[in-house]
Number of protein chains: 2
Amino acid sequence: MQQEMSFLKLLNVPKIRDIKINSDFWNRYINLIKEVVVPYQWDILNDKVDGVEKSSAIRNFKIAAGLEQGDFYGMVFQDSDVYKWLEAASYVLESHYDEELDRKINEVIDLIEKAQWDDGYINTYFTIKEPQNRWTNLQECHELYCAGHLIEAAVAYYNATGNDRLLNIAKKFVDHINSIFGPEEGKLKGYPGHQEIELALIKLYEVTKEEGYLNLARYFIEERGKDPYYFDLEWEKRGRTEHWPGLIRNFGREYAQTHLPVRKQREAVGHAVRATYMYSAMADIARITKDEELLDTCKALFKDIVTRKMYITGGIGASAYAESFSFEYDLPNDRAYAETCASVGLIFFAHRMFLIEQSSHYYDIIEQTLYNNIIASMSLDGRSYFYVNPLEVVPRACEKRHDTQHVKVPRQRWFGCACCPPNVARLLSSIGKYVYAHSANELYVNLYISNEYELNMNGDEVKIYINSEYPFGDNVFIKIDTKKPVYFDLKLRIPKWCESFKVYINDREEGKIVKEKGYIVLSRIWNGNDEILLKLTTLPKKIRSHPRVRDNIGKITIMKGPILYCLEEADNGPNLHELFISKDSKLELKFEPEILNGLYVIYADGFRIDEEDFGDELYRDEYEYKLLPVKLKFIPYYAWANRGKGEMRVWISEIR
Amino acid sequence: MQQEMSFLKLLNVPKIRDIKINSDFWNRYINLIKEVVVPYQWDILNDKVDGVEKSSAIRNFKIAAGLEQGDFYGMVFQDSDVYKWLEAASYVLESHYDEELDRKINEVIDLIEKAQWDDGYINTYFTIKEPQNRWTNLQECHELYCAGHLIEAAVAYYNATGNDRLLNIAKKFVDHINSIFGPEEGKLKGYPGHQEIELALIKLYEVTKEEGYLNLARYFIEERGKDPYYFDLEWEKRGRTEHWPGLIRNFGREYAQTHLPVRKQREAVGHAVRATYMYSAMADIARITKDEELLDTCKALFKDIVTRKMYITGGIGASAYAESFSFEYDLPNDRAYAETCASVGLIFFAHRMFLIEQSSHYYDIIEQTLYNNIIASMSLDGRSYFYVNPLEVVPRACEKRHDTQHVKVPRQRWFGCACCPPNVARLLSSIGKYVYAHSANELYVNLYISNEYELNMNGDEVKIYINSEYPFGDNVFIKIDTKKPVYFDLKLRIPKWCESFKVYINDREEGKIVKEKGYIVLSRIWNGNDEILLKLTTLPKKIRSHPRVRDNIGKITIMKGPILYCLEEADNGPNLHELFISKDSKLELKFEPEILNGLYVIYADGFRIDEEDFGDELYRDEYEYKLLPVKLKFIPYYAWANRGKGEMRVWISEIR
């Protein structure tokens with residue numbers, strides 16, 4: 001019953017144009033995206049940056065469009081870098097219109113238009129390299145994946161500007177795809193090797209309301225994992241050739257979640273980005289089609305991730321091999337993959353689950369992922385990125401050990417497979433969409449990011465202002481402006497890391513507070529100009545992981561609200577594993593303006609093993625380490641690796 | 001001065017024929033080698049065992065000899081399996097002559113003889129596959145490595161029987177090698193990709209006293225690592241072809257210790273088997289040629305291994321990638337490679353160092369390696385083997401994680417690269433050689449393995465009997481029989497794990513005991529029939545590793561004498577990482593006759609984390625694990641993995 005009701009609730013999320021972020025903390029990132037990342041990535045896509053991996057992504061379009069001579073360069077999915085840039089640039093445009101940027105975008109749209117085949121097909125790799133082999137290798141060759149990113153870009157640009165040029169290009173491509181794939185006789189019974197188009201088609205459906213797009217998304221989802229196995233059929237058909245010989249096909253069926261029909265999947269397995277993109281589409285379909293069974297599958301998968309397979313950073317994918325989930329509670333800190341894109345996907349999935357079931361649990365995961373894995377993936381200057389986000393780094397081991405060589409420290413300027421930086425760019429440039437959600441008579445406040453937002457509640461104009469100290473300070477000031485009295489439920493999320501909270505409305509403390517699925521419900525007539533003070537007390541706390549997590553036994557980490565802390569060599573010297581935190585240590589939060597433009601650091605009492613006392617032997621019997629007292633200095637995880645190459649450690653040994 | 005003196009000491013080690021092992025513990029292994037391993041490996045070499053990796057090693061010789069038609073099968077170094085079997089079989093023959101076994105050996109010698117080219121060359125791979133390419137790919141193709149094993153087998157068979165058939169074949173081959181390699185103009189300036197022939201040539205020198213063999217060994221050692229780089233020169237010369245494309249050459253120069261001239265090497269790097277075989281030859285050369293500088297290099301390398309790169313099992317090689325050493329103190333337990341052959345090599349190296357410097361330190365390493373890594377590599381029934389010897393196993397992780405997939409549990413019956421089982425066979429069947437060493441007036445007792453041994457001390461016949469309870473019990477009874485009074489120093493090794501010791505001669509406790517480099521020196525006239533009781537008290541002890549070893553922080557392990565202990569799932573349930581040993585727990589040693597035919601187990605008090613109390617969340621704040629008291633049961637590491645597939649753990653968390 002509860003579930004059916006939730007299906008009935010239609011929630012809107014803010015349009016980027018309608019929300020203005022006023023948070024210094026977040027505007028630093030957003031401005032970096034706008035002023036550094038989007039222009040920098042533009043230059044990279046155009047091969048104008050020296051000393052980074054060559055992209056050629058724009059050039060590929062020029063060649064495919066017949067404007068230049070040359071060969072395709074890059075990954076088979078190189079086009080998606082352009083599309084993800086277009087999406088991010090569109091979000092930037094939506095919040096801050098910029099003629100020059102719009103001109104660049106249209107320059108790219110021109111290219112895409114010219115690269116589009118008469119039948120609607122677009123893909124520069126196949127156009128240039130293997131025009132005769134279109135749609136013959138869905139497992140490895142990402143045509144549908146790239147199409148998905150094109151659709152997402154088109155929807156974003158349309159939403160940003162109302163200009164439907166790119167949207168029409170995308171629709172024409174989708175019409176073509178619809179003519180190739182589907183249950184009808186003569187059509188291919190295929191589905192993408194890398195899921196992405198499914199959630200994109202739903203976006204296209206939501207902006208156009210044309211059911212065909214939804215149905216195509218459902219088709220791809222429902223066909224997946226059926227017998228006979230499509231990827232074997234197409235492989236036989238094309239003469240058993242492989243695009244990446246011995247690679248993708250060797251990863252097994254779990255890799256792209258084709259091991260079981262999608263509805264039968266209860267455990268998150270395989271490539272973590274593919275997984276979360278697919279789960280996101282499944283959640284969308286469950287919501288739109290009110291599909292209880294599919295929702296149940298989504299819930300099982302979400303639970304499997306967040307209670308058994310998620311690093312405390314919000315990182316997922318514990319195995320570099322196949323960039324995949326490994327098995328439950330297997331979360332090694334030094335060998336983590338925790339790809340940035342996978343965390344982006346986890347946020348997508350959690351957000352869609354929230355749109356079905358308004359439980360604050362989903363936003364706890366979003367917040368945790370956002371404040372840690374996501375923003376840590378970018379350097380504080382916006383110019384370098386982590387693809388892999390470890391929780392423990394010993395640079396020597398990354399250089400010397402093959403099994404940690406995927407961990408690159410410090411961040412890289414660009415990647416041969418450049419999926420992550422533009423993925424973060426599109427997430428952060430659209431962060432406003434995640435702050436609120438509202439139905440006709442409810443307004444959910446999900447993230448306490450300072451902002452102002454204009455919305456329409458059941459016909460009435462409402463303006464909400466948030467001025468937030470959270471998560472470093474306690475106070476969140478909320479102002480609700482209405483032109484006339486308006487009745488609605490203001491639902492304020494109480495993050496799970498809150499020690500306690502208090503609510504004051506117009507300076508009067510609320511006594512009896514209704515709490516529902518993690519939200520305070522303030523049901524009242526908002527009377528023109530109400531002021532709310534929400535006090536969210538989050539103390540620095542020691543966290544322990546489930547005992548099944550082998551790598552974290554005897555260790556703790558520290559969080560202050562959603563902010564995870566870590567030790568860095570820059571503050572604590574090398575050999576961080578030789579440090580212990582005292583069980584009874586206080587955790588002293590302190591703002592230090594001089595460190596990395598200002599950070600809330602945490603001090604704690606601890607010890608360092610005296611190496612000299614141990615001596616030169618490798619093993620000693622009946623020996624007790626001599627411990628030297630030290631003051632430990634923790635910095636937020638999001639700020640690590642901004643002071644050169646050095647060790648970092650999230651989980652630290654504890655001692656009585 | 002000290003060093004020069006040690007060079008002057010000429011030590012003999014027992015001939016296998018002269019020593020009779022009476023230890024039940026060791027005879028179990030020795031009889032397994034004789035009755036199971038050697039016959040079983042014979043069947044495997046002859047492809048008579050179903051369900052194991054095909055060998056074809058004997059068949060390759062038949063084909064090369066022109067006796068059968070067919071193609072070469074197996075690794076490029078497949079011949080070495082035959083030679084290592086021959087060596088082990090010869091040791092078995094030397095201690096227990098067996099006509100049938102001798103007949104089989106001669107059958108193989110016939111084949112080798114027929115496979116030998118007129119010019120002396122022998123290698124079935126090149127004979128069958130690439131006769132035109134002999135000596136063109138030393139880096140990858142193991143011709144000199146195989147030659148080395150042939151020489152070792154030949155020396156072993158000659159020592160066992162006095163029959164010089166195989167020795168002459170080997171000498172003819174070496175004459176050929178001598179005509180190909182060397183400083184003279186027109187000869188190749190090469191050296192083996194996998195070291196082995198160097199130490200073999202020294203054995204050949206020691207049995208023949210022909211200096212040419214020693215000089216060739218020295219040539220290979222001294223040429224190694226020089227510029228220009230031979231492996232690049234030969235690669236260019238053969239048109240840049242690779243036997244293992246993208247593999248060996250990608251491992252870099254450290255892989256085969258060609259990164260520096262050998263004398264300049266101070267750190268143990270690269271492939272651990274190659275390294276220890278080379279260091280063994282270097283030690284031999286240092287000893288024989290009284291080369292101070294080379295000895296100093298050997299000492300630095302030995303120290304680097306045992307104080308920075310050796311697992312407590314005596315396993316070496318912390319990286320599966322390139323089967324190599326990684327860097328100092330990098331000793332992950334679950335990702336250990338610790339190849340059985342590398343530990344065999346470490347024993348070779350340590351033994352040769354002892355022959356130069358009679359310090360008990362070298363025998364502590366030999367004993368530690370022998371009682372742990374070496375015998376653990378074989379199942380108690382002698383029919384299955386570990387190639388990789390981990391110190392921590394979670395079977396699920398070995399199946400699911402790519403970075404631990406090299407860890408195979410339980411033991412395998414045979415391997416495609418079958419180097420380890422015959423290597424253990426040749427070591428254990430010659431174990432008697434390691435028990436004693438003697439000069440004209442000194443008799444070193446190095447391993448307390450029950451035995452009787454006849455030797456000649458400066459012209460006098462001496463018979464020594466040892467009846468040892470060590471290492472499980474304290475008493476070592478030694479009897480010295482001489483026909484007439486004989487003066488010599490009896491030097492009894494005091495293992496480093498001895499808590500205390502006492503010596504009684506003819507029931508009288510020795511008061512003032514002279515100790516020299518870890519040995520008790522009993523200088524006296526042995527008067528026909530003297531009885532010595534050596535009491536070596538070794539208590540079960542908790543061991544801690546150097547704080548730099550990241551994986552062992554907060555953990556201890558247990559040793560009783562040289563015997564390392566571990567926890568197994570069979571005794572302690574799954575999730576061994578959730579167990580803690582109490583800091584103040586007693587370690588109770590107990591003989592349990594019913595477990596695996598009788599084992600000394602150790603009980604300790606500890607705790608298990610109550611998983612249920614933690615609940616379903618992955619992370620909890622300000623939570624303290626609930627600990628349930630348990631009795632921990634440790635078994636000797638050498639006996640692990642004999643009761644089905646399950647977890648195992650050497651290092652266990654400690655709690656106050």
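Helices (H or I, at least four residues) and strands (E, at least two) are DSSP runs, numbered from the N terminus.

## Basis of the model

This is a predicted model, in which local features need pLDDT of at least 70 and side-chain atom pairs count only at pLDDT 80 or more, while totals for chains, interfaces and linings use all residues. Residues are numbered from 1 along each chain as its sequence is written, chains are lettered from A and ligands numbered from 1 in the order in which they are written, and side-chain values use heavy atoms, with hydrogens and water left out.

## Aromatic pairs

Over all chains, the structure holds 90 aromatic pairs, where rings of Phe, Tyr and Trp (its six-membered ring) pair if their centres lie within 6.5 Å, and where planes under 30 degrees apart count as stacked, over 60 as edge-to-face and the rest as tilted. One of them joins F25(A) and F472(A), whose ring centres are 6.1 Å apart and whose planes stand at 55 degrees, so this pair is tilted. The pair links distant parts of the chain, with F25(A) in helix 2 (residues 24-45) of chain A and F472(A) in the loop between strand 6 (460-468) and strand 7 (475-482), 447 residues apart. F25(A) is partly exposed at a relative accessible area of 22%, whereas F472(A) counts as buried at 13%; buried means under 20% relative accessible area, exposed over 50%, and partly exposed in between (1.4 Å probe, protein chains only). In chain B, Y448(B) and Y470(B) form an edge-to-face pair, 5.8 Å centre to centre with 75 degrees between the planes. Here Y448(B) is in the loop between strand 4 (442-445) and strand 5 (451-457) of chain B, and Y470(B) is in the loop between strand 6 (460-468) and strand 7 (475-482), 22 residues apart. Both Y448(B) and Y470(B) are buried.

F25(A) and F472(A) also belong to one aromatic cluster, whose other members are W26(A), Y29(A), Y371(A), F591(A), Y600(A) and Y638(A).

## Charges over rings

R253(A) lies over the face of Y229(A), 3.6 Å from the ring centre, and in chain B the charged end of R253(B) sits over the ring of Y229(B), 3.7 Å from its centre. A charge sits over a ring if NZ of Lys or CZ of Arg is within 6 Å of the ring centre and within 35 degrees of the ring normal.

## Positive phi angles

D507(A), although not a glycine, has a positive phi of about 75 degrees. D507(A) lies in the loop between strand 9 (500-505) and strand 10 (508-509) of chain A and is exposed, with a relative accessible area of 74%. H142(B), also not a glycine, has a positive phi of about 60 degrees; H142(B) is in the loop between helix 7 (138-141) and helix 8 (143-161) of chain B, and at 5% relative accessibility H142(B) counts as buried.

## Cysteines

With a disulfide taken as a pair of cysteine sulfur atoms within 2.5 Å, the count over all chains comes to 0. C141(B) is in no disulfide, the nearest cysteine sulfur being that of C146(B), 10.0 Å away, and C141(B) is buried at a relative accessible area of 2%. C566(B) is in no disulfide either, with the nearest cysteine sulfur, that of C398(B), 14 Å away, and C566(B) is buried at 0%.
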